[in-house]
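Please read the numbered points below alongside the sequence and the model.

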Amino acid sequence: DKVIVPYAAESCVTRTITNTFVFPSSYESVPSWQGMVFTDVLSSLVYVPGSAGIQVSSDTQSCAATFSVSSNDPLVLTNITPSCAIAVPGSTLVITYVVTADNPGCSGGTYYAWSALNIGVSGSFWCEECDDGIAREGAYYSVQAPSLGVAITGLPAVAYPCAVYTPTITL
């Protein structure tokens, strides 16, 4: 599951992406945390360096994980190592990070952000017939065109010659 918050914003606004992976309780070949590679292609997005975090949990515990950032564009996270003893089967992996949208110009638009988690082994992932050991997910996000509003208050409906007025301009 991939979620981008806020969904719609101007390009300069930071967005938080949360990727959640729930692992099945059994595998033919059990994957290891350190063998996993997470990649976000960052289509029209820019990763904010240092913003990534990983949390792993099971029914009985939850903890942060250390990891390596192998690349910022695309974002590649490797060497995932939970700080507590949680096995992959039956656990949940949550990866979060902050991005900004690449400047799409003045028109704005809606885009699709792709990411993938390669667990390093195939078999019994989400569906046996399509299981290559890689979970792919995506989410839409919208970049709003820049806008500016101007309001002028403090003026009468009719202006008289030589009269003094003190208008207020609000952007």
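1. A residue is called exposed when its relative accessible area is over 50%, buried when that area is under 20%, and partly exposed in between. By this rule Leu-148, at 69% relative accessibility, counts as exposed. The model under review is a predicted one.

2. Leu-148 sits in the loop between S11 and strand S12 (151–153). Together with Val-150, Ile-152, Leu-155, Ile-169 and Leu-171, Leu-148 makes up a nonpolar patch on the surface. The accessible area of these residues together is about 700 Å².

3. The largest nonpolar core contains 34 residues. Phe-23, Trp-33, Met-36, Leu-93 and Tyr-97 have the most contacts inside this core. At least two core residues come from each of strand S3 (15–22), strand S5 (45–47), strand S6 (53–57), S7, S8, S9, S10 and S11. Strand S9 supplies the largest share, with 5 residues.

4. Which residues does the disulfide join? The bond is formed by Cys-63 and Cys-84, whose sulfur atoms are 2.0 Å apart, and a search of the whole structure finds 1 disulfide. The link is left-handed, with -80 degrees about the S-S bond. Distant parts of the chain are connected in this way: Cys-63 belongs to strand S7 (residues 62–72), whereas Cys-84 lies in the loop between strand S8 (75–82) and strand S9 (92–101), 21 residues apart. Both Cys-63 and Cys-84 are buried.

5. Because Asp-40 is in strand S4 (residues 37–40) and Lys-2 in strand S1 (residues 2–5), the pair ties together parts that are 38 residues apart in sequence. Asp-40 is buried, at 0% relative accessibility, and Lys-2 is buried as well, at 6%.

6. The structure contains 7 aromatic pairs. One of them is formed by Tyr-112 and Tyr-140, with ring centres 4.6 Å apart; their planes meet at 70 degrees, so the pair is edge-to-face. Tyr-112 is in strand S10 (residues 109–118) and Tyr-140 in strand S11 (residues 134–143), so this contact ties together parts 28 residues apart in sequence. Tyr-112 is partly exposed, at 29% relative accessibility, whereas Tyr-140 is exposed, at 53%. Elsewhere, ring pairs link Phe-21, Phe-38, Tyr-47 and Tyr-97 into a cluster. Tyr-97 is also among the residues with the most contacts inside the largest nonpolar core.

7. Several points concern the backbone. Most residues other than glycine have a negative phi, and most peptide bonds are trans. The peptide bond from Val-5 to Pro-6, by contrast, is cis, with omega near -5 degrees, and Pro-6 is found in the loop between S1 and strand S2 (8–9). Another cis peptide bond joins Asp-73 and Pro-74, with omega about 5 degrees; Pro-74 lies in the loop between S7 and S8.

8. Positive phi values also deserve a check. Leu-42, a residue other than glycine, has phi near 55 degrees. Leu-42 is located in the loop between S4 and S5 and is buried, at 5% relative accessibility. Asn-79 is not a glycine either, yet its phi is positive, at about 55 degrees. Asn-79 belongs to strand S8 and is partly exposed, at 39% relative accessibility.

9. Two separations complete the note. Ser-32, in the loop between S3 and S4, is partly exposed, with a relative accessible area of 37%. The C-alpha atoms of Ser-32 and Pro-89 are 9.5 Å apart in space, while the two residues are 57 residues apart in sequence. Thr-96, in strand S9, is partly exposed at 27%. Between the C-alpha atoms of Thr-96 and Pro-82 there are 15 Å, with 14 residues separating the two along the chain.

Key
Residues numbered from 1 in each chain as written. Predicted model: local features only at pLDDT ≥ 70, side-chain atom pairs only at ≥ 80, totals over all residues. Heavy atoms only, no water. Disulfide = S-S within 2.5 Å. Helix = DSSP H or I, 4+ residues; strand = E, 2+ residues; numbered from the N terminus. Buried < 20%, exposed > 50% of the residue type's maximum accessible area, 1.4 Å probe, protein only. Phe/Tyr/Trp six-rings, centres within 6.5 Å; stacked < 30°, edge-to-face > 60°. Core = buried A, V, L, I, M, F, W, Y, C linked by side-chain atoms within 4.5 Å. Patch = residues over 30% accessible without salt bridge, like charges linked within 9 Å, V, L, I, M, F, W, Y side chains within 5 Å. Areas by Shrake-Rupley, 256 points an atom, 1.4 Å probe, with all protein chains shown as cover. Salt bridge = Lys/Arg side-chain N within 4 Å of Asp/Glu carboxyl O.
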